[in-house]
Amino acid sequence: MQYRLEGGSLPAVIINLNPGETMISEAGGRTWSRGAVDSTVTTLGGAGKALGRMLMGESLFMNLYTAQEPAEIAFSSSFPGRIVARELGPGQSIICQKHAFLCATYGVELSMFFQKKLGAGFFGGEGFIMQKLGGTGTAFLEIDGSAVEYELAAGQRMVVDTGNLAMCDATCALDIQSVKGVKNALFGGEGLFNTVVTGPGRIILQTMPASGVAAALAPFINTGSN
């Protein structure tokens, strides 16, 4: 399997498959394909994992795309930003925001990740449930806006505004800290809580979360009410 990224700020990943190679995505994920590609709908892991994906905001079913001959298949981002490829080996896993998963080679496993601390779940900006990717293979993730990567050493911390954490290694710890001081909390313009990520591990921050764009546009959208 070889791939390339096209499209600038509205990206697509274009993948060249050898006969017998398979890609997985949520239902309806394929944008186009060229050559003989067999499509199969599956729960991929049974009803329990299918329900878990639905709770993460993904589709109940997954599609398997298997090349019957040398073929090309493409998957497009649903929001302006970047597509990031991440190689996963045995024993490795990553934690992502909901809706981050775009597609992956067969062998990558998608499951739910529950925040260990309720505070992190309710106030972390992406909800109590996040995505966990494990297994082996290449996963492609959607990042809102630009992606900025850091490698955190053991014990090193990064304080991140709500919604800007796109991905982190499962070796990182996530927590929530309230903004100190009433004046800072009420007039600082950065909300009441910050997400704190502690290494070791790699993190990817996104510069333009979809939730932030929606909040910025909300005052200009006519809802029809007086």
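This is a predicted model: local features need pLDDT of at least 70, side-chain atom pairs count only at pLDDT 80 or more; totals for chains, interfaces and linings use all residues.
**View 1. The largest nonpolar core.** Welcome to a set of 20 residues, in which Ile 94, Cys 96, Phe 101, Leu 133 and Ile 204 touch the most other members. Several strands each supply at least two residues of this core, among them β6 (62–67), β8 (81–88), β10 (101–105) and β13 (137–144). Strand β13 gives the largest share, three residues. Look around Ile 204 too: beyond its neighbours within four places in sequence, its contacts include Val 84, Ile 143, Ala 147 and Met 167. In soluble globular proteins, nonpolar side chains tend to be buried together.

**View 2. A second, separate core.** This core has 14 residues, including Val 37, Ala 67, Ile 73 and Cys 103. Cys 103 is buried, with a relative accessible area of 0%.

**View 3. Two aromatic pairs.** The count of aromatic pairs comes to two. In one of them, the ring centres of Tyr 3 and Phe 140 are 4.9 Å apart and the planes meet at 80°, so the pair is edge-to-face. Tyr 3 sits in strand β1 (residues 2–6) and Phe 140 in strand β13, 137 residues apart. Tyr 3 is partly exposed, at 37%, whereas Phe 140 is buried, at 0%. Tyr 65 and Phe 75 also pair edge-to-face, with 5.8 Å between centres and 65° between planes. Both Tyr 65 and Phe 75 are buried.

View 4. Across the whole structure, the search finds zero disulfides. Cys 172 itself is buried, at 11% relative accessibility.

Key:
Residues are numbered from 1 along each chain as its sequence is written. Side-chain values use heavy atoms; hydrogens and water are left out. A disulfide is a pair of cysteine sulfur atoms within 2.5 Å. Buried means under 20% relative accessible area, exposed over 50%, partly exposed in between (1.4 Å probe, protein chains only). A nonpolar core is a set of buried Ala, Val, Leu, Ile, Met, Phe, Trp, Tyr and Cys residues joined through side-chain atoms within 4.5 Å. Helices (H or I, at least four residues) and strands (E, at least two) are DSSP runs, numbered from the N terminus. Contact means heavy atoms within 4.5 Å. Rings of Phe, Tyr and Trp (its six-membered ring) pair if their centres lie within 6.5 Å; planes under 30 degrees apart count as stacked, over 60 as edge-to-face and the rest as tilted.
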